[in-house]
Amino acid sequence: MAVPVIIDCDPGHDDVFAIWLAAGHPRIDLRAITTVGGNGRLEHTTYNARVVTGLAGIAGVPIAQGADSPLVRALEPAEWIHGSNALGGPELPEPTVDADPRPAVELIRDTLDAYAEPVTIVATGPLTNIALFVRAYPDRWPKVREIVWMGGSTGRGNVTPYAEFNSWSDPEAVVMVLDSGLRFTMVGLNVTHQALITPSVIERIAAVGNTTAAFGVELLRYFNNSYEIDQGMPEGPLHDPVAVALVAEPGLVETVHTRLDIELRGTETSGATSVDLIDKLKRPPNAHVAVGLDVDRFWDLMIEAITTLA
Ligand code: BDR
Ligand code: CA
């Protein structure tokens, strides 16, 4: 049976592929998309979500706008990777999908209420919306099966030496979500940096030959160029869909149950995740943390999903 999923995202090149994987994979039932300020300002991330669902022929999935900035910090959009509109590269067609008038937290609440079975939330941006939802609707917590988040790292970072962008953008939100005790899975850079956009991956996507694939190839070329300039990586990592793949195909991403904490006040390490893989601190485990990825299978899933789209 397909797993019901809400995607909370900040598209963003790799967020787009997360949406497409969720929409195109037979074991995922994509029920709602919510947007947050992150890679770009909220007006851009919402607009981009509308554009990339419409062009891929994804219909009947409401898209609602959430928080425009982190809980207590100022938003610093990742323009150095994603460009000034968060989706540099291709010319964006006019969106054919309207935004839902409800705020993101209300769409999350209503989506949970609409179905009998618990729903998985896959978050691929700063956790601001999810923290606001957790605070606003504790009575709905039993309806959340799990929160799977692309963010953090068991090792080094990407926006500072030790902090990953989503985690660094809104670390207070990560604390609030962890404190809820909801089942939480972190898919961090230690794993997403294996999902590299090689020339062969780009060739395989181009060969799909549909509108989604052609647009996707333009996104990947821009993204790889940004990664080469900013991180010295000519083959960029397609982070966000790895979190969707974990839900779509259990076993594709290996996880361990461990202790996750986040640095709020470090002078050099603000937003860094601390993952106690050797149980040094003897604190109770509070998260499932990704430690391995079946890279070949991941790309097969991604390409199969694109094949099913427009
Ligand atoms: C994360 O930050 C964003 O730039 C990407 O969309 C991804 O969610 C990687 O650090
Ligand atoms: Ca993202």
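The model is predicted, so local features need pLDDT of at least 70 and side-chain atom pairs count only at pLDDT 80 or more, while totals for chains, interfaces and linings use all residues. Residues are numbered from 1 along each chain as its sequence is written, chains are lettered from A and ligands numbered from 1 in the order in which they are written, and side-chain values use heavy atoms, with hydrogens and water left out.

- Helices (H or I, at least four residues) and strands (E, at least two) are DSSP runs, numbered from the N terminus.
- Both D10 and T124 are buried; buried means under 20% relative accessible area, exposed over 50%, and partly exposed in between (1.4 Å probe, protein chains only).

**Aromatic pairs**

- There are eight aromatic pairs in the structure.
- One of them joins F17 and W20, edge-to-face, with 5.0 Å centre to centre and 65 degrees between the planes.
- For the cut-offs, rings of Phe, Tyr and Trp (its six-membered ring) pair if their centres lie within 6.5 Å; planes under 30 degrees apart are stacked, over 60 edge-to-face, and the rest tilted.
- F17 and W20 sit about one helical turn apart because they are three residues apart in helix α1 (residues 13–24).
- F17 and W20 are both buried, and together with F215 they make up one aromatic cluster.
- F133 and Y137 give a tilted pair, 6.1 Å centre to centre with 40 degrees between the planes.
- F133 counts as buried at 1% relative accessibility, and Y137 does so at 15%.

**Charges over rings**

- R31 has its charged end over the ring of Y115, 3.4 Å from the ring centre.
- R156 does likewise with Y162, at 4.8 Å from the ring centre.
- The test is that NZ of Lys or CZ of Arg is within 6 Å of the ring centre and within 35 degrees of the ring normal.

- Most residues other than glycine have a negative phi, and most peptide bonds are trans.
- The P11 to G12 peptide bond is cis, with omega near -15 degrees, and G12 falls in the loop between β1 (3–9) and α1.
- D279 has a positive phi near 50 degrees without being a glycine.
- The loop between β9 (273–275) and β10 (287–293) holds D279, which is partly exposed at a relative accessible area of 36%.
- K282, also not a glycine, has a positive phi of about 55 degrees.
- K282 belongs to the loop between β9 and β10 and counts as exposed, at 63% relative accessibility.

**Around H82**

- H82 is in helix α3 (residues 79–82) and is buried, with a relative accessible area of 4%.
- Leaving aside residues up to four places away in sequence, H82 touches G12, H13, D14, N39, L87, G88, Y222 and F223, where contact means heavy atoms within 4.5 Å.
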